[in-house]
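Student: I'd like to go through this protein with you, one question at a time. Can we start with the words we need?

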Amino acid sequence: MLEIRHLQMLSILARHGSLVMTADELNLTASAISHQLKELESYYDITLVNRRTRPISFTPAGRSVLQLADNILPQVARTKADIKRLAHGQAGRFRLASECHSCFDWLMPILNVYRKEYSDVELDFTPGFEPEPHQMLLDGDIDLLITASNLPIDAIYYQPLFTYESRLVVSPTHRLASQSVINASDLADETLIAYPVEQTRLDVIAKFLEPNGICPKHIRITELTAMLIQLVASERGVSALPDWVASEYEKKGWVVTRTLGQGVYCQLYAGVRKSSRDVAYVAGFLELLKAIKKP
């Protein structure tokens with residue numbers, strides 16, 4: 001029966017043209033190589049090599065098997081290498097999701113470095129609008145979650161990234177633009193423009209309005225930051241954004257930002273399953289994230 005070991009032996013024999021040199025490379029004896037050849041030839045009842053020639057030459061049947069070896073052995077080598085990389089966490093599929101809808105500006109440089117260092121890892125992105133992203137992480141639907149919610153879940157490891165201030169964003173002509181500090185009661189009659197996530201996951205609600213017993217009059221949803229800014233600039237409502245995001249549009253004069261009460265500060269984390277924390281391509285991404293400085 002033709003096996004991978006036979007293809008490997010014949011390939012090496014074709015390269016050296018000698019039973020002795022082939023045996024040396026395979027750490028076998030010349031008689032063991034001769035036995036493999038006889039075993040194969042007896043099984044198919046055909047001669048594969050001309051033993052009397054120097055160097056040893058192949059018969060038409062032998063050349064046919066040698067062609068098979070040339071086609072198959074490189075694929076076998078690649079597959080073995082892939083299996084080894086997978087076993088050591090150097091290859092695989094890495095799925096990211098982010099509850100921070102403006103994180104990609106500072107994530108992109110990290111991703112570019114990561115792709116070069118882990119070229120065998122397939123990077124996928126999942127939208128962060130799912131209602132239970134932490135459960136998705138636990139279920140294996142994603143492998144890393146950028147979040148400001150470090151829920152006390154034993155199976156998740158949270159690596160701190162940086163802190164940021166959530167600031168109120170209003171039109172320069174809005175009535176609240178004249179105030180340097182915003183009270184929770186100031187937002188009771190306002191339309192809050194927000195991303196499509198649960199209200200309890202919105203910083204301005206969870207850490208500012210709800211603790212003060214205030215609800216905005218309306219909540220309007222948009223998935224795009226650019227559209228959110230446009231709605232705020234046209235006085236369709238107010239919003240709250242991380243300081244590094246809001247400052248970009250404030251510098252352009254489109255909006256102004258104000259402090260929420262004594263300041264609403266949040267910590268951003270990268271969450272991964274504890275069971276996958278030591279996988280090479282996960283640990284490598286976490287290591288790159290350590291270099292992140294607040295945008």
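Predicted model: local features only at pLDDT ≥ 70, side-chain atom pairs only at ≥ 80, totals over all residues.

Student: How many salt bridges does the structure hold?

Tutor: Side chains of opposite charge can pair when their charged atoms come close. Going by the cut-off for a salt bridge, the number in this structure is eleven.

Student: Which residue forms a salt bridge with Arg273?

Tutor: Arg273 lies in strand β12 (residues 264–273), and its partner lies in the loop between α6 and β5, so the pair ties together parts that are 130 residues apart in sequence. Helices (H or I, at least four residues) and strands (E, at least two) are DSSP runs, numbered from the N terminus. The closest N and O atoms are 2.8 Å apart, and the partner is Asp143.

Student: Which other Arg forms a salt bridge with Asp143, with the closest N and O atoms 3.0 Å apart?

Tutor: Look in strand β3 (residues 92–98), since this pair ties together parts that are 48 residues apart in sequence. The Asp143 end sits in the loop between α6 (133–139) and β5 (144–147). The partner is Arg95.

Student: Is Asp143 buried or exposed?

Tutor: Buried means under 20% relative accessible area, exposed over 50%, and partly exposed in between (1.4 Å probe, protein chains only). Arg273, with 14%, is buried. Asp143 has 5% relative accessibility, so this residue counts as buried.

Student: Which residue forms a salt bridge with Arg5?

Tutor: The closest N and O atoms of this pair are 3.3 Å apart. Arg5 is in helix α1 (residues 4–16), and the partner is 34 residues away, in helix α3 (residues 30–44).

Student: What does UniProt list for residues 2–59?

Tutor: Over that stretch the chain is 62% helix and 7% strand, with the end C-alpha atoms 17 Å apart. UniProt positions are given in the numbering used here, feature names are shortened, and annotations may be inferred rather than shown by experiment. The unreviewed UniProt entry lists "domain: HTH lysR-type".

Student: Where is Pro55 found?

Tutor: Most residues other than glycine have a negative phi, and most peptide bonds are trans. The peptide bond from Arg54 to Pro55 is cis, with omega near 0°. As for its place, Pro55 is in the loop between β1 (49–50) and β2 (57–58).

Student: What is the phi of Asn27 near?

Tutor: Asn27 is in the loop between α2 (19–26) and α3, and at 71% relative accessibility this residue counts as exposed. Its phi is positive, in a residue other than glycine, and is near 55°.

Student: And what is the phi of Glu235 near?

Tutor: Find Glu235 in the loop between α8 (225–233) and β10 (239–242). Glu235 is partly exposed, at 41%. Here too phi is positive in a residue other than glycine, with a value near 60°.

Student: Where does Glu198 lie?

Tutor: With a relative accessible area of 35%, Glu198 is partly exposed. Its place is the loop between β8 (191–194) and α7 (203–209).

Student: Is Leu202 buried or exposed?

Tutor: Leu202 is also placed in the loop between β8 and α7. Its C-alpha atom is separated by 20 Å from that of Leu96, 106 residues apart along the chain. With a relative accessibility of 11%, Leu202 counts as buried.

Methods: Residues numbered from 1 in each chain as written. Heavy atoms only, no water. Salt bridge = Lys/Arg side-chain N within 4 Å of Asp/Glu carboxyl O.
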